[in-house]
Amino acid sequence: MGDGMKRRQFITALGGGAALWPLVLRAQQPAIPLVGFLNSTSSVGYSPYVVRSQQAEQARRIGILMNRAADDTEGQAGIAAFQQALQLLGWNVGLDLRIDVRWGEDDVALERKYAAELVDLSPNIILASGTMSVAAVEGITRALPIVFVGVTDPAGAGFVDKLAKPGGNATGFMIFEFGFTAKWVELLKQIEPNIRRMAVIRLPDNPAAMAQFGAIQDAAEWLSVEISAVNARSSSEIERAIVALANSGNGGLIVTPSAGVSAHRDLIIKLAAQHRLPAVYGNRNNINSGGLIFYGPNRIDQFRRAAGYVDRVLKGEKPADLPVQAPTKYDLVINLKTAKALGLDLPASLIARADEVIE
């Protein structure tokens, strides 16, 4: 989808049905193990991926601000993929490159705290994962080069002037455009045609959450589905909302991808199973934990591609001149074991399109 496509046009195009989705479905890339430079004694929220060497003083320095928890496996795999891609580009961590990582957990206070810590280290560039991470760094400095991944609306958030010509100190890789989220609505309708109500579990403090919810509402209106928001502030709030949805009948869940929501992953999956609610997830890790269906961009691929931009900036190019790029890989993962437990008979056409099926 180009920059000029409006939300309504996208949703109208969606009306042709799931068979017309422009899915770029490719196999999930395997997680790459961290290459021997993680300090296992680090405290929560702080993991300095730093290798000291005789050349440390001459090394270029990269700060990484993650919007996830330090024990998040997908976040760890992303950093490992980023490091490996840098090595393929000729950088040697510990000799001519140092990497410092902080884990902000999509928490406003933590993001700001760790952004300040990273800036104080005087890195040559920062890799920021997620909208909150970029906002935290931009709140401190607009001079330090930033390459971002996993940002939904970089122009709307004020990080760039235009996608094609960012014009400032930041550029990177969008996780998806808002219209993409309409596919979660259609997926639930395809899984269970009788669904009339959907609850969207989101993190209200995330700057992208409101616009994302608006796109979901537009798709739901077109498909005659009632949408409600569930703010993931606490376990009790989530549980009350899911119980109310289950009691109303013909309900389904959309679980948006953010670290704040992922912190309640086990509870959400448990309640969905207990109340036999079909759910689509924007975070791949949920499916391995018993979630029903994931559809979304391949996040690990974004970290690999970000290494290329970081390399170019370290070699003298400016973020202002590097266009923001959209995802190139999307994955569909289905947990058939969960589907059977929920009593769902998934369409054969949907299963055939899946990159991965968990039996």
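How exposed is Glu 317, in terms of relative accessible area? In this predicted model, Glu 317 is partly exposed, its relative accessible area being 36%. The side chain of Glu 317 forms a salt bridge with that of Arg 312, with an N to O distance of 3.0 Å. Arg 312 is likewise partly exposed, at 34% relative accessible area.

Across the whole structure, a search returns 12 salt bridges. One of the pairs consists of Glu 117 and Arg 102, whose side chains meet at 2.8 Å, N to O. Glu 117, with a relative accessible area of 28%, is partly exposed.

A further salt bridge links the side chains of Glu 226 and Arg 197, at 4.0 Å, N to O. Both residues lie in strands: Glu 226 in S8 (residues 226-231) and Arg 197 in S7 (residues 197-202), so the pair connects parts that are 29 residues apart in sequence. Arg 197 is partly exposed, with a relative accessible area of 28%. In general terms, side chains of opposite charge can pair when their charged atoms come close.

The strand S12 was examined next. In S12 (residues 330-335), 6 of the 6 residues are buried, so this strand is largely enclosed by the rest of the structure. The side pointing one way from S12 carries Tyr 330, Leu 332 and Ile 334, while Asp 331, Val 333 and Asn 335 point the other way; all are buried.

Strand S12 pairs with two other strands, S11 and S13. With S11 (residues 293-297), the pairing is antiparallel and extends over 5 bridges. Within this pairing, Leu 332 of S12 stands opposite Tyr 295. With S13 (residues 356-358), S12 runs parallel, and 3 bridges join these strands. Here Ile 334 has Val 357 of S13 as its bridge partner. Leu 332 and Ile 334, which take part in these pairings, point one way from S12 together with Tyr 330.

Conventions:
Residues are numbered from 1 along each chain as its sequence is written. This is a predicted model: local features need pLDDT of at least 70, side-chain atom pairs count only at pLDDT 80 or more; totals for chains, interfaces and linings use all residues. Side-chain values use heavy atoms; hydrogens and water are left out. Buried means under 20% relative accessible area, exposed over 50%, partly exposed in between (1.4 Å probe, protein chains only). Helices (H or I, at least four residues) and strands (E, at least two) are DSSP runs, numbered from the N terminus. Two strands pair if DSSP finds at least two bridges between them.
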